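Here are my notes from going through the model, in numbered points. Have the structure open while you read.

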Amino acid sequence: NIGYTLANNVSCNDVNECSSNVGLGYCQQNCTNTPGSFYCSCNPGYTKFGLNYCKDLDECATNNRHGPCDQTCINTPGSFQCNCTSGYVLANNGWSCNDINECSSNNGLGPCQQTCTNTIGSFSCGCTSGYA
């Protein structure tokens, strides 16, 4: 049988198809030897293509090109990265975006001279009574 070699004209020994090519055998990423055969698998972030090839899985392809991210998704080989637009900061979970309170510094004035109002993703400055 293919996948076996005849030993001493009596018994069959399994051929480890994964032993060549630095343990990859005929596979691009992962090779697992089985009795009389082998199978290929892919690393996380990749999907099997054909019998023994792996291609990058575009995690950003869903959700209107946002993938699992709240705002911006950048596909990278085998993974992805989330980013946030101006006025937001990436949360500790790596995909959510939290509003930056631009008014939280400078005693509640933020970058403003007199009054600061935080808005979702931005802020606005104003003047106190008597100022234009």
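1. A word on burial before anything else: buried means under 20% relative accessible area, exposed means over 50%, and partly exposed is whatever falls in between (1.4 Å probe, protein chains only). With that in hand, Cys12 is exposed, since its relative accessible area is 53%.

2. Housekeeping. This is a predicted model, where local features need pLDDT of at least 70 and side-chain atom pairs count only at pLDDT 80 or more, while totals for chains, interfaces and linings use all residues. Residues are numbered from 1 along each chain as its sequence is written, and side-chain values use heavy atoms, with hydrogens and water left out.

3. Overall shape. The C-alpha trace spans about 105 × 25 × 15 Å along its principal axes. The radius of gyration is 28 Å, against the value near 14 Å that a compact globule of 132 residues would have (taken over C-alpha atoms; the globule rule is 2.2 Å times the number of residues to the power 0.38). Contacts, meaning heavy atoms within 4.5 Å, tell you about range too: of those between residues at least 6 apart in sequence, 12% join residues at least 24 apart.

4. Surface. The accessible surface comes to about 8800 Å², and carbon and sulfur atoms own 52% of that. The areas are from the Shrake-Rupley method with a 1.4 Å probe, and for residues only the protein chains shown count as cover.

5. Secondary structure. There are zero helices and 12 strands. The assignments are DSSP runs numbered from the N terminus: H or I of at least four residues for helices, E of at least two for strands.

6. Strand 1 (residues 4-7) pairs with strand 2 (residues 11-14) in the antiparallel sense, over four bridges; two strands pair if DSSP finds at least two bridges between them. Tyr4 has Asp14 of strand 2 as its bridge partner. Three residues sit between the two strands of this hairpin, and Asn8 in the turn has a positive phi of about 55 degrees.

7. How many disulfides? Taking a disulfide as a pair of cysteine sulfur atoms within 2.5 Å, the count comes to eight.

8. Cys42 and Cys54. Their sulfur atoms are 2.1 Å apart, and the torsion about the S-S bond is about -90 degrees, so this disulfide is left-handed. The pair links distant parts of the chain, 12 residues apart: Cys42 is in the loop between strand 4 (37-41) and strand 5 (46-49), and Cys54 is in strand 6 (residues 53-56). Cys54 is buried because its relative accessibility is 11%.

9. Cys84 and Cys97. Here the S to S distance is 2.1 Å, and the link is left-handed with -90 degrees about the S-S bond. Cys84 is partly exposed at 22%, whereas Cys97 is buried at 12%.

10. Cys112 and Cys125. The sulfurs are 1.9 Å apart, and the torsion of -75 degrees goes with a left-handed link. Cys112 lies in the loop between strand 10 and strand 11 (115-119), and Cys125 in strand 12 (residues 122-126). Is Cys112 buried or exposed? Cys112 is buried, because its relative accessible area is 5%; Cys125, at 48%, counts as partly exposed.

11. Two cysteines without a disulfide. Cys12 is in none, and the nearest cysteine sulfur, that of Cys18, is 19 Å away. Cys127 is in none either, with the sulfur of Cys125 nearest at 8.7 Å; Cys127 is partly exposed at 44%.

12. Gly67. This residue lies in the loop between strand 6 and strand 7 (72-76) and is buried, with a relative accessible area of 7%. Leaving aside neighbours within four places in sequence, Gly67 is in contact with Glu59, Cys60, Thr62 and Cys73.
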